[in-house]
Amino acid sequence: MTALLRYQAALLARSQRWTAPLLLYAAVLAVGVQSGQPVLGSLGFAAAALLPVTAWAVHLCVGQEPPAARAVASAAAGPRRVHLAALLTATGCAAVLAGATTAVVLLVSSPATDNGTHAVSRPAAALAGLLAALCCVLLGAAVGALSTRPVLRRRGWSVAAAVLGSLLALVTAGSPARYAVTALVTGSRTGTFDPPALPSLGAAAVAVAAAFLVCRIAARRG
Amino acid sequence: MGHRYGLAGTWVLRGIDLALPARALVRVEGGNGAGKSTLLRLLAGIEAPAEGRITGRPARTAYVPERFPAALPLTATGYLVHLGRIHGLRTAEAKRRAGEWLTRFGAAEHARTPLAELSKGTSQKVAVAQALLAAPDLLVLDEAWTGLDTAARAELDRAVAERVAGGATVVFVDHDPRRLAGAADLTLRMGDGGVNRAKPSTATRPVPGPRVLIEAEGPPDAALPRDLPGAPVRERGTGVAPDLVRLTVPKPYSDALLTALLTARPPWHIRQVAPVDAAHALDAPEPTGPPGQAEVSEQAEVSEAP
């Protein structure tokens with residue numbers, strides 16, 4: 001598995017296709033996160049924006065091999081593991097991005113509530129922000145995995161499904177991502193917040209189920 | 001075992017019950033659309049069958065597609081090292097074997113060339129090298145010879161014989177009926193979604209293929225090593241040279257057979273190696289052969305002496 005992850009990561013790093021989602025994310029953050037703003041609100045914004053970016057990264061990783069190269073790798077390691085390696089590579093990259101972004105937001109934001117009346121502990125905000133970002137990364141990975149090969153093969157449908165899926169994952173009541181982001185935004189208003197541990201577990205369960213399903217389909221359809 | 005693409009697709013393969021022997025060369029024949037490639041993809045484990053299952057696939061399985069236009073952002077060696085590691089090799093070992101196989105196929109000067117800049121034939125050499133560098137126990141070749149130059153085709157023939165001699169099962173499809181002619185242990189004929197076994201000795205072996213005669217001499221009273229590569233036709237010398245053995249194998253197997261004889265314990269001495277004219281196959285060696293076959297003819301006298 002390590003070899004497959006190295007292979008996928010090398011392909012992603014050298015293909016430079018990662019620049020587009022990364023630049024988009026940076027642009028969105030530049031607009032939405034300003035220096036000196038309340039830390040929790042900014043963390044919530046940064047986490048929410050990660051969800052579609054992760055879905056995009058999954059699309060890149062799953063689609064970066066030509067069919068012939070994929071067939072060769074599948075014969076060597078099995079189609080399930082090849083597909084899983086692509087999903088894990090994208091999710092891992094997004095998780096690294098989540099960590100870096102959380103650190104930057106913590107550094108530039110003001111540790112206070114929206115109205116400035118209550119102080120917000122930075123370590124508590126860091127933990128809550130990391131968990132919310134992780135939650136969005138995992139759901140984004142699930143959305144990405146379900147909206148590309150081998151579930152949807154046509155590019156147009158694939159992109160439309162990813163955009164729609166990301167939106168729904170952020171706004172649908174009961175979605176772990178919505179819950180986690182809302183917890184941060186509400187906490188920024190009221191000053192009381194808990195790390196969104198339960199939503200993270202929920203998102204992890206969704207991501208594992210989605211990965212299991214698509215890897216099975218990948219083995220069936222090649 | 002059966003397979004179809006999509007839940008509503010027509011069955012490409014149906015009711016296939018097949019056991020592939022170890023240490024065997026298996027040829028798959030059939031017209032266009034008979035399901036050859038699908039069968040090979042299922043055997044290689046790239047896809048799972050829609051019904052039934054395939055069991056006992058070796059851990060080291062490699063596949064070579066017909067065309068390998070891999071526009072990947074890696075150099076030839078970089079790609080091969082990655083694939084070697086995926087096959088379970090250590091990095092240093094993968095690097096060493098990558099260089100070795102690229103050299104064998106005459107692509108050593110392209111080791112540092114990005115895959116996207118390789119010619120079609122050189123890309124194919126990389127595809128073949130990735131499969132062989134792992135020394136797989138199941139090697140699946142889907143018209144892997146396509147696009148290779150003559151020297152590389154012959155090298156692939158020999159590499160296939162080497163794998164079979166090493167105990168692997170090699171399954172191949174090739175549009176050229178002379179490809180590894182006379183060397184296949186089993187020929188599968190596909191049609192109407194099914195597979196029929198055809199004995200290689202029957203009409204499915206249209207061309208006997210070029211063969212090589214190896215004359216070897218063992219230590220006194222030594223028996224020939226068991227399981228010699230290529231299942232050589234053997235004739236033991238009598239009278240003046242009782243320890244002399246003449247072995248005839250399909251040409252791709254000659255190197256593997258020589259290796260087996262020379263590395264046997266105790267080793268055998270090689271007296272001579274000569275090509276066999278297809279028309280003068282071993283069953284009818286004539287003392288009055290053409291001048292080029294003088295050595296073969298001479299040998300015929302030795303073995304027929306009382």
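How far apart do the end C-alpha atoms of residues 197-219 of chain A lie, and what percentage of the span is helix? The end C-alpha atoms of residues 197-219 of chain A lie 33 Å apart, and the span is 100% helix and 0% strand, helices being DSSP runs of H or I of at least four residues and strands DSSP runs of E of at least two, both numbered from the N terminus.

This is a predicted model, in which local features need pLDDT of at least 70 and side-chain atom pairs count only at pLDDT 80 or more, whereas totals for chains, interfaces and linings use all residues. Residues are numbered from 1 along each chain as its sequence is written, and chains are lettered from A and ligands numbered from 1 in the order in which they are written.

View 1. For residues 157-177 of chain A, the end C-alpha atoms lie 23 Å apart, with 81% of the span helix and 0% strand.

**View 2. The contact between chains A and B.** Chain B contributes 26 residues and chain A 24 residues to the contact (C-beta atoms, placed from the backbone, within 7 Å). On the side of chain B that touches chain A, two or more residues come from each of helix H1 (36-44), strand E4 (61-64), helix H2 (76-86) and helix H4 (120-132) of chain B, and H2(B) gives the largest share, four residues.

**View 3. An open sheet in chain B.** Four strands are arranged in the order E10-E11-E9-E12 (chain B) with antiparallel pairing, where two strands pair if DSSP finds at least two bridges between them. Strand E10 (233-236) and strand E12 (269-276) of chain B stand at the edges with a single partner strand each, so one side of each has no neighbour in the sheet. E10(B) pairs with strand E11 (residues 244-250) of chain B in the antiparallel sense over four bridges, and Arg236(B) has Val245(B) in E11(B) as its bridge partner.

**View 4. Helices H5 and H6 of chain B.** The axes of helix H5 (residues 150-165) of chain B and H6(B) come within 8 Å and cross at roughly 40 degrees, the axes being lines fitted to C-alpha atoms over the stretch in contact and angles running from 0 to 180 degrees between N-to-C directions. The contact is made by Arg158(B), Ala161(B), Glu162(B) and Ala165(B) of H5(B) with Asp255(B), Ala256(B) and Ala260(B) of H6(B).

Key
Two residues are in contact if their C-beta atoms, placed from the backbone, lie within 7 Å.
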